[in-house]
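The following note was prepared for a colleague who works with computed models. Its points are numbered and may be read beside the sequence and the coordinates.

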Amino acid sequence: MNIHEYQARELFEKFGVATPPGGAATTPEQALEVAKRLGGKTLVVKAQIHAGGRGKGTFKNGFKGGVHLCNSADEAGKLASQMLGQVLVTHQTGPDGKQVNQVLIAEAVDIARELYFAVLLDRATSAPVIIASTAGGMDIEEVAEHSPEKILREPIHPVLGLQAYQTRKIAAALGLTGPLMSQATKLFTALFRLFMARDCSQIEVNPLVVTPDGRLLALDAKFNFDDNALYRQPEIAALRDKSEEDPREVAASEFNLNYIGLDGNIACLVNGAGLAMATMDIIQHYGGKPANFLDVGGGASKDQVASAFRIILSDPHVEGILVNIFGGIMDCNVIATGIIAAARETGLKIPLVVRLEGNNVAAGKQTLSESGLTIIGASDLADAAQKIVQAVKNA
Amino acid sequence: MAILVTPQTRILIQGITGDFGSRHAKLSLEYGTQVVAGVTPGKGGQSFDHQTHKVPIYDTVGEAARQSGATVAVVFVPPPFAADAILEGVDAGLDLVVAITEGIPVNDMVRVKHALRDSRTRLIGPNCPGLVTPGEGPQSHGGCRIGIAPGYIHKKGSIGVVSRSGTLTYEAVWQLTTRGYGQSTCVGIGGDPVNGTSHLDVLKMFNDDPETEAIIMIGEIGGTAEEEAAAWAGQNCKKPIAAFIAGATAPPGRRMGHAGAIVSGGQGTAAGKIAALEQAGIAVSPTPAAMADTLLRVISEKR
């Protein structure tokens with residue numbers, strides 16, 4: 001789950017992570033108010049959408065740039081009025097763009113040094129790790145590749161957590177000495193507390209900046225949360241902005257289906273995440289392009305299969321469907337009935353290949369063949385993948 | 001011998017009275033598995049009845065283990081309580097805890113993993129289908145089925161299977177069985193980023209098991225566990241291995257169903273894992289439909 005920049009800021013403020021003073025607004029009037037409260041400093045007004053490339057983006061009303069500097073509260077209000085309610089197109093949003101419902105107004109700070117600081121889960125050690133670097137403001141993967149000596153990894157004890165000496169060690173390694181060291185230990189401690197308390201899987205502060213007047217501030221941050229922990233993090237779950245997500249993915253999640261849209265033309269419907277990934281792979285192996293990942297889970301019901309079909313077919317690029325079910329315990333005949341109902345209900349007109357295997361498979365195959373629908377049967381997974389690729393080519 | 005469990009292994013089921021737990025308790029009993037106790041706090045003294053079986057229910061894992069002689073627990077407890085259920089099995093000194101539960105917060109698993117370090121208990125899972133050591137009866141009846149895998153697809157034999165995914169395990173097992181090749185033990189290690197037992201742990205066990213003659217290893221995108229297993233196996237494994245990695249077409253940064261199946265920061269790609277396996281001399285199946293055939297080809301080449 002992703003969150004907006006202004007929401008990340010609010011989490012920082014709540015946990016005492018130093019960040020430039022600012023606030024969010026949903027109307028130009030609010031923006032003016034926030035700007036007045038910040039006083040006579042240089043301000044930055046930023047359109048709040050999840051996609052990157054906001055600064056170089058263009059609004060559909062012709063206004064250029066989703067990030068602007070200004071020197072007065074009035075100007076900030078005017079900028080906000082040109083962004084709010086408008087659709088911003090960036091290289092990451094696609095041509096449809098995203099509507100801007102909030103703007104963030106913050107003090108535009110001068111920067112003396114840019115650093116990098118992240119807390120994340122290290123899968124290899126099954127414990128958190130802190131990654132810090134003096135090369136801030138850059139892509140950390142590139143830094144790791146070209147100048148690994150600039151990267152500090154500090155493993156955190158899974159039960160004891162971050163210790164004060166570790167914060168000093170990291171501060172020293174980043175050259176944060178003198179009065180900056182106490183700011184650093186405070187900021188690192190607060191950030192780690194936030195990481196644990198809100199079940200984050202990653203917080204990346206890039207850049208962490210030192211200002212010419214000697215302040216250490218988290219300027220920009222990227223959060224990832226552990227979806228499995230959202231049940232006990234209502235405050236985080238409430239930050240979800242469904243308008244930022246693929247509507248098909250939102251619809252799928254309402255039916256407990258795991259759907260991820262891709263850019264191909266062969267849809268697939270599979271039980272189990274591993275088999276669903278492998279089904280996408282085999283479609284590609286035989287020269288097709290998968291349109292989606294879709295895991296209907298281990299105990300898919302008739303209704304779930306029907307909603308899965310509707311979601312798949314809402315993608316206009318889909319030209320064929322491959323159903324791959326290994327019904328180990330599920331009754332294949334029940335699944336077959338579900339597929340037929342869904343195909344009838346949606347008035348299916350594109351090729352459908354069904355590969356069924358497992359419990360009561362003979363009855364399931366018979367039900368499919370007696371349905372009167374043109375369903376292409378398959379003997380195994382390879383056969384199924386080849387048949388759907390061929391059927392879509394011929395169509 | 002098989003690994004981890006044999007048809008004689010006595011198991012207890014945590015969450016035996018829940019929907020999920022009771023359904024699979026029944027299937028395990030029907031398969032002929034020694035399900036000797038159930039645990040549901042507050043229902044101690046009752047029994048779980050199915051066909052001719054009467055499985056006693058206890059309030060605590062410790063009591064259940066002492067009274068029944070169970071050495072293995074399987075956890076069907078919902079996510080908010082699952083970490084605690086695993087720790088209870090560790091505290092009772094069990095040999096093995098198998099956590100089927102999907103959706104346990106990763107921070108809970110970080111603490112569980114730490115607690116396991118100083119214990120005698122091995123954890124398999126969470127978010128896994130469990131494990132099966134097939135029996136000698138028809139459709140492998142009489143084996144040890146722990147978890148949610150369909151029992152009848154198995155066949156007793158000498159091929160070890162280890163996988164992060166449930167349905168892909170069934171796919172591999174079915175490919176082997178329909179070609180006449182049985183399995184020693186099939187282990188689903190689970191799809192979460194922090195789990196109890198890795199590919200490498202299971203490969204080592206298969207390597208030491210006299211009954212296992214060849215291995216299918218199934219991985220997927222995310223993490224570096226397959227790379228570690230490959231590096232070890234290339235140097236140390238005496239037995240033929242075929243591998244398959246799922247997720248070559250998965251977009252980076254997206255979680256593909258399993259909490260652990262995500263390519264992040266260029267790490268954990270299918271291409272990287274396949275390269276590591278091939279570098280270690282392990283045959284990689286080009287598609288999920290060719291896992292058994294790939295292994296059979298390797299076996300015939302070694303002969």
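1. In which sense do strand β8 and β9 of chain A pair, and over how many bridges? Strand β8 (residues 113-122) of chain A and β9(A) are paired in the antiparallel sense, and the pairing extends over seven bridges. Within this pairing, Phe117(A) is placed opposite Ala132(A) of β9(A). The two strands make up a hairpin that leaves four residues between them. In the turn, Ser126(A) has a positive phi of about 55 degrees. The model is a predicted one, and the remarks below should be read accordingly.

2. For the chain as a whole, the assignment gives 13 helices and 19 strands in chain A. The C-alpha trace of chain A spans about 80 × 50 × 40 Å along its principal axes. Chain A has 395 residues, of which 53% count as buried. Of the contacts in chain A between residues at least 6 apart in sequence, 66% join residues at least 24 apart.

3. An open sheet of four strands is present in chain A, with the order β1-β7-β2-β4 and antiparallel pairing. β1 (22-25) and β4 (67-70) of chain A stand at the edges with a single partner strand each, so one side of each has no neighbour in the sheet. From one strand to the next, the twist averages 20 degrees. Strand β2 (residues 43-47) of chain A is joined to β4(A) by four bridges, the two running antiparallel. Val44(A) has Leu69(A) as its bridge partner in β4(A).

4. Helix α1 (residues 5-15) of chain A touches β1, β2 and β7 (103-107) of chain A, and the direction of α1 makes about 135 degrees with that of β1(A). Helix α2 (residues 28-38) of chain A likewise touches β1, β2 and β7 of chain A; the direction of α2 makes about 170 degrees with that of β1(A).

5. A three-strand open sheet is also found in chain A, ordered β3-β5-β6 and with antiparallel pairing. Its edge strands are β3 (58-59) and β6 (98-99) of chain A, each of which pairs on one side only. Strand β5 (residues 87-89) of chain A pairs with β6(A) in the antiparallel sense over two bridges. In that pairing, Lys98(A) of β6(A) is the bridge partner of Leu88(A).

6. Helix α1 also meets a helix. The axes of α1(A) and helix α6 (residues 179-197) of chain A come within 9 Å, crossing at roughly 110 degrees. With that angle, α1(A) is roughly perpendicular to α6(A). The crossing of the two is right-handed. On the side of α1(A), the contact is made by Leu11(A), Phe12(A) and Phe15(A); α6(A) contributes Ala190(A), Leu191(A), Arg193(A), Leu194(A) and Ala197(A). By class, the contact of α1(A) with α6(A) has seven nonpolar, no polar and one charged residues.

7. Helix α9 (residues 273-285) of chain A and helix α13 (residues 381-394) of chain A have axes that come within 9 Å and cross at roughly 50 degrees. α9(A) and α13(A) are therefore oblique to each other. The crossing is right-handed. Leu275(A), Thr279(A), Ile282(A) and Ile283(A) of α9(A) meet Leu381(A), Ala382(A), Ala385(A) and Val389(A) of α13(A). The residues of this contact comprise seven nonpolar, one polar and no charged.

8. The last pair is helix α10 (residues 302-313) of chain A with helix α11 (residues 332-345) of chain A, whose axes come within 8 Å and cross at roughly 40 degrees. That angle makes α10(A) oblique to α11(A), and the crossing is right-handed. In α10(A), the residues in contact are Lys302(A), Val305(A), Ala306(A), Phe309(A) and Arg310(A); in α11(A), they are Thr337(A), Gly338(A), Ile339(A), Ala341(A), Ala342(A) and Glu345(A). The residues of this contact divide into six nonpolar, two polar and three charged.

How values were computed
Residues numbered from 1 in each chain as written. Chains lettered and ligands numbered in written order. Predicted model: local features only at pLDDT ≥ 70, side-chain atom pairs only at ≥ 80, totals over all residues. Heavy atoms only, no water. Axes fitted to C-alpha atoms, helices over the stretch in contact; angles between N-to-C directions. Parallel < 35°, antiparallel > 145°, perpendicular 65-115°, else oblique. Left-handed = near helix turned anticlockwise from the far one by under 90°. Contact = heavy atoms within 4.5 Å. Nonpolar A, V, L, I, M, F, W, Y, C, P; charged D, E, K, R; others polar. Pairing = 2+ DSSP bridges. Buried < 20%, exposed > 50% of the residue type's maximum accessible area, 1.4 Å probe, protein only.
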